Amino acid sequence: EKAEIGLIGLGVMGANLALNIAEKGNRIAVFNRTTEKTDEFFAEAGALADRIIPCHTMEEFIDAIRPPRPIIIMIKAGQPVDDQIQHLRPYLTNGDIVIDAGNANFHDTRRRFKELDGTGLTFIGMGVSGGEEGARHGPSIMVGGTPESYARVEKVLTSISAKFNNEDCCAWLGADGAGHFVKTIHNGIEYADMQMIGEIYGLLRDGAGKSASEIGNIFGGWNKGRLNSYLIEISEKVLAARDPHGDGPMVDMILDQAGQKGTGKWSVIEAQQLSVPATAIEAAVAARVLSSMKSQRVAAEKIFGSAPGKIDASGAGLNDLELALFAAKIGAYAQGFAVMSEASKEFGWSLPMPVIAKIWRAGCIIRSQFLDEITTAFTAMPDVENLIMTPAFSAMVKEALPSLRRVVAAAVTAGLPVPALSSALSYFDSYRQARGTANLIQAQRDFFGAHGFDRLDGKDFHHGPWGSGLNE
Ligand code: 6PG
């Protein structure tokens with residue numbers, strides 16, 4: 001019996017995805033460049049080995065899959081994917097589908113899609129979120145490609161995806177790079193979520209003098225409320241863990257330099273290209289970059305001192321911190337969804353916002369109860385320009401904004417950095433300001449460059465009385 005699908009690349013993510021596929025009753029052919037890895041994987045597959053066809057050559061692999069053949073590639077993003085497609089192509093025949101399940105840049109996905117267009121082969125760019133555990137037991141899956149190619153793989157993909165109230169966290173989102181674009185924005189939001197939690201952790205640690213385990217307990221409490229989410233849950237667990245090679249909390253022994261592989265940065269680059277403000281996400285990416293400048297920060301502290309002031313984390317203060325995080329989180333998600341809605345127009349995708357919120361409710365790293373509320377809000381108003389303009393979210397922002405304002409004010413006074421929280425606050429404050437200050441910018445532009453401006457009264461005079469030659 002032929003396999004329903006093939007998979008190339010048995011690294012941790014690929015291997016887990018393959019086991020998940022087999023476990024859900026699908027036959028799968030697997031191939032890895034180094035054949036020892038294939039043998040090892042097969043030997044450790046246990047009862048699932050019945051549904052796995054380990055292949056040592058490309059010929060064997062291709063022959064093992066039922067045409068038209070869907071082939072998942074799960075390897076390092078970038079050039080390796082192009083090399084793999086190049087290597088695979090001569091073996092493929094009409095209708096076969098190459099599926100890139102890595103964290104690809106969606107521009108690459110669009111190019112690869114185009115390169116296969118008209119050859120009889122098709123390309124799917126598939127965002128997979130949920131880390132190693134998700135891949136093994138149920139990720140969130142964001143698919144971009146042709147609807148026909150999705151129809152061929154839909155059964156397998158929905159069988160392995162996470163479920164929220166029995167609904168699949170897997171969907172076709174649009175043509176070519178739509179899936180990878182949505183995954184990129186997912187990661188941008190993931191960066192913002194993580195950074196904001198980190199900032200609150202910093203206020204509790206450096207401003208309120210709380211220990212890691214005390215902060216863990218606070219997060220544990222919040223996880224039962226409106227902040228309930230995977231990232232708060234793991235933060236609680238992380239803060240509770242002890243260092244197995246020392247006698248303190250694990251987190252206190254970890255170097256404060258965050259890595260990044262590119263998706264957060266891409267989400268900011270695309271937001272800029274599309275002229276959509278994604279300031280909270282930008283702040284999160286910049287904060288990771290600043291974190292990596294450890295030696296500069298150490299030197300700067302010697303010059304400027306740290307001397308942080310106090311943050312109130314007693315009853316009302318703690319409640320403010322919880323609500324502040326919630327308000328800022330809404331800002332980051334509103335920005336991420338706004339970027340997707342603009343991209344949808346720019347790239348002709350018709351991205352379905354309610355569906356995206358839906359398939360993020362379980363499986364992925366940013367999964368939360370909160371995304372169910374976003375699903376409801378977007379389902380009622382799918383074309384709303386900004387999440388915070390929906391009745392449910394404008395009510396939440398109104399309730400939580402005073403807390404965010406107090407927390408940011410206290411942090412600023414104390415000298416503790418809150419770049420993402422304060423960006424979210426300024427975003428709200430700018431967004432709700434009917435009369436802004438760009439009139440002065442327009443006047444400046446007109447003064448030095450005769451750029452012209454529009455008048456509030458609609459009169460047909462477009463230059464100011466700044467001097468010779470500029471008057472109309
Ligand atoms: C996920 C994660 C996952 C990975 C990213 C981000 O959704 O499962 O986003 O894809 O953690 O690559 O990693 P960096 O933090 O290293 O950029």
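This is a predicted model: local features need pLDDT of at least 70, side-chain atom pairs count only at pLDDT 80 or more; totals for chains, interfaces and linings use all residues.
Me: Into which domains is the protein divided?
Reply: There are domain 1 (5-176), domain 2 (184-431) and domain 3 (439-472). The C-alpha centres of domain 1 and domain 2 lie 32 Å apart.

Me: How many residues of domain 1 are in contact with domain 2?
Reply: In domain 1, 23 residues are in contact with 19 residues of domain 2. On the domain 1 side, β6 (122-129), α6 (131-137), β7 (140-144), β8 (163-164) and β10 (170-174) each give two or more residues. The largest share, four residues, comes from β10. By class, this side of domain 1 has 10 nonpolar, 11 polar and two charged residues.

Me: Why is helix α11 called largely enclosed by the rest of the structure?
Reply: Helix α11 covers residues 263-273, and eight of its 11 residues are buried, so the helix counts as largely enclosed. The buried residues are Thr-263, Gly-264, Lys-265, Trp-266, Ser-267, Val-268, Glu-270 and Ala-271. They pack against α8 (178-207), α12 (279-292) and α14 (315-347).

Me: What makes Lys-265 buried?
Reply: A residue is called buried if 20 or more other C-beta atoms lie within 10 Å of its own. Lys-265 has 20 such atoms within 10 Å, so Lys-265 is buried. Lys-265 lies in helix α11. Leaving out residues up to four places away in sequence, Lys-265 touches Gln-260 and Val-285. Ile-185 is 80 residues from Lys-265 along the chain, and the C-alpha atoms of these two are separated by 9.9 Å.

Me: What is the phi of Ser-275?
Reply: Phi of Ser-275 is positive, about 55°, although Ser-275 is not a glycine. Most residues other than glycine have a negative phi.

Me: Why is Ala-450 called partly exposed?
Reply: Partly exposed covers the counts between the cut-offs, 12 or fewer for exposed and 20 or more for buried. Ala-450 has 13 other C-beta atoms within 10 Å, so Ala-450 is partly exposed. Ala-450 lies in the segment after α19 (438-449). Its phi is near 50°, a positive value in a residue other than glycine.

Me: How do you know that α8 is roughly perpendicular to α12?
Reply: Two packed helices are described by the angle between their axes and the distance between the axes. Here α8 and α12 pack at an angle of about 70°, with axes 8 Å apart. Angles of 65 to 115 degrees count as roughly perpendicular. Therefore α8 is roughly perpendicular to α12.

Me: Which residues make the contact of α8 with α12?
Reply: From α8 come Gly-188, Ile-189, Tyr-191, Ala-192 and Gln-195, and from α12 come Ala-280, Ile-281, Ala-283, Ala-284, Val-285 and Ala-287. By class, this contact has nine nonpolar, two polar and no charged residues.

Me: What makes α12 roughly perpendicular to α14?
Reply: The axes of α12 and α14 cross at roughly 105° and come within 7 Å. The range for roughly perpendicular is 65 to 115 degrees, and so α12 is roughly perpendicular to α14. In this pair, Thr-279, Ala-280 and Ile-281 in α12 meet Ala-328, Gly-331, Ala-332, Gln-335 and Gly-336 in α14. The contact of α12 with α14 has four nonpolar, four polar and no charged residues.

Me: Which residues come nearest to the ligand?
Reply: Of the 13 residues around the ligand, Ser-129, Gly-131, Gln-260, Lys-261 and Ile-365 come nearest. The elements that give two or more residues to this shell are α8 and α11. The shell divides into two nonpolar, nine polar and two charged residues. Domain 1 and domain 2 each give at least three residues to the shell.

Me: Where is there a cis peptide bond?
Reply: The peptide bond from Pro-67 to Pro-68 is cis, with omega near -10°. Most peptide bonds are trans. Pro-68 lies in the loop between α3 (58-64) and β4 (70-73).

Key. Residues are numbered from 1 along each chain as its sequence is written. Domain bounds come from an automatic or database domain assignment. Two residues are in contact if their C-beta atoms, placed from the backbone, lie within 7 Å. Ala, Val, Leu, Ile, Met, Phe, Trp, Tyr, Cys and Pro count as nonpolar, Asp, Glu, Lys and Arg as charged, and the others, Gly among them, as polar. Axes are lines fitted to C-alpha atoms, for helices over the stretch in contact, and angles run from 0 to 180 degrees between N-to-C directions. Angles under 35 degrees count as roughly parallel, over 145 as roughly antiparallel, 65 to 115 as roughly perpendicular and the rest as oblique. A residue is near a molecule or strand if its C-beta atom, placed from the backbone, lies within 6 Å of it.
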